[in-house]
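Student: I have a new structure to look at. Can you walk me through it?

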Amino acid sequence: QVQLAESGGGLVQAGGSLRLSCATSARTSRRYSVGWFRQAPGKEREFVAAISWNGGNTWFADSVKGRFTISRDNAKNTVYLEMNSLKPVDTAVYYCAADLSSDGTSWYNHEPYEYDWWGQGTQVTVSS
């Protein structure tokens, strides 16, 4: 079982930056990858980024590549999503999720149903 809690969302102007945090607590010794997803009103939840258990591998959706970075500090049990050059289309509720089926060192999942545990989400609003 993995508990996740996002924080760091808010309102920012276009071109600005935000850093989201995902605090994790796991009752498992399994190594797992963590993904960030987002869901805008009226749209399906979509993949944003993922990171392997050791932080050595990262993946990004094409829409955020070059603007977002993902990292993790396992000593602090926290995964971060650094978002730069934000656009109004980035407005959404952002979720972090744990994938216990993949440690992320050789492959990763990008579909929401493939992730096992989810946080409650944090709202990011980018004004034009």
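Tutor: Here is a short tour of the sheet, the pocket and the salt bridges.

Student: What should I know before we start?

Tutor: This is a predicted model, where local features need pLDDT of at least 70 and side-chain atom pairs count only at pLDDT 80 or more, while totals for chains, interfaces and linings use all residues. Residues are numbered from 1 along each chain as its sequence is written, and side-chain values use heavy atoms, with hydrogens and water left out.

Student: Okay, the sheet. In what order do the strands of the open sheet come?

Tutor: The order is S1-S3-S8-S7, with antiparallel pairing. Strands here are DSSP runs of E, at least two residues long, numbered from the N terminus. Two of them pair if DSSP finds at least two bridges between them.

Student: Which are the edge strands?

Tutor: S1 and S7, residues 68–73. Each pairs on one side only.

Student: How many bridges join S1 and S3?

Tutor: There are 6, between residues 2–7 of S1 and residues 18–26 of S3. Val-2 stands opposite Ala-26 in S3.

Student: And on to S8?

Tutor: S3 and S8, residues 78–83, are joined by 6 bridges and run antiparallel. Look for Ser-21, which faces Tyr-80 in S8. S7 also runs antiparallel to S8, again with 6 bridges. There, Thr-69 stands opposite Glu-82 of S8.

Student: New topic. How much space lies in the largest pocket?

Tutor: About 170 Å³. That volume is the space filled by probe spheres set on grid points, which are joined across faces, edges and corners. A pocket is an open set of points on a 1 Å grid over the protein atoms alone, where a 1.4 Å probe fits, with protein on both sides within 12 Å along at least five of seven lines. Lining residues have an atom within 4 Å of a point.

Student: Which element gives the largest share of that lining?

Tutor: S3, with 3 residues. S3 and S8 are the elements that give two or more. Among the lining residues are Thr-24, Arg-30, Trp-53, Arg-72 and Asn-77.

Student: What classes are in the lining?

Tutor: It has 4 nonpolar, 5 polar and 3 charged residues. Asp, Glu, Lys and Arg count as charged; Ala, Val, Leu, Ile, Met, Phe, Trp, Tyr, Cys and Pro as nonpolar; the others, Gly among them, as polar.

Student: Now the charges. How many salt bridges does the structure hold?

Tutor: It holds 4. A salt bridge is a side-chain nitrogen of Lys or Arg within 4 Å of a carboxyl oxygen of Asp or Glu.

Student: Which residues are linked in a network?

Tutor: Arg-38, Glu-46, Arg-67 and Asp-90. Arg-38 meets Glu-46 at 2.6 Å, N to O. Arg-38 also meets Asp-90, at 2.9 Å. That pair links distant parts of the chain, 52 residues apart: Arg-38 is in strand S4, Asp-90 in the loop between S8 and S9.

Student: Is Arg-38 buried or exposed?

Tutor: Buried, at 5% relative accessibility. Buried means under 20% relative accessible area, exposed over 50% and partly exposed in between, with a 1.4 Å probe and protein chains only. Asp-90 is buried too, whereas Glu-46 is partly exposed at 36%.

Student: What does Lys-65 meet in a salt bridge?

Tutor: Asp-62, at 3.1 Å, N to O. Asp-62 counts as exposed, with 66% relative accessibility.

Technical notes
Helices (H or I, at least four residues) and strands (E, at least two) are DSSP runs, numbered from the N terminus.
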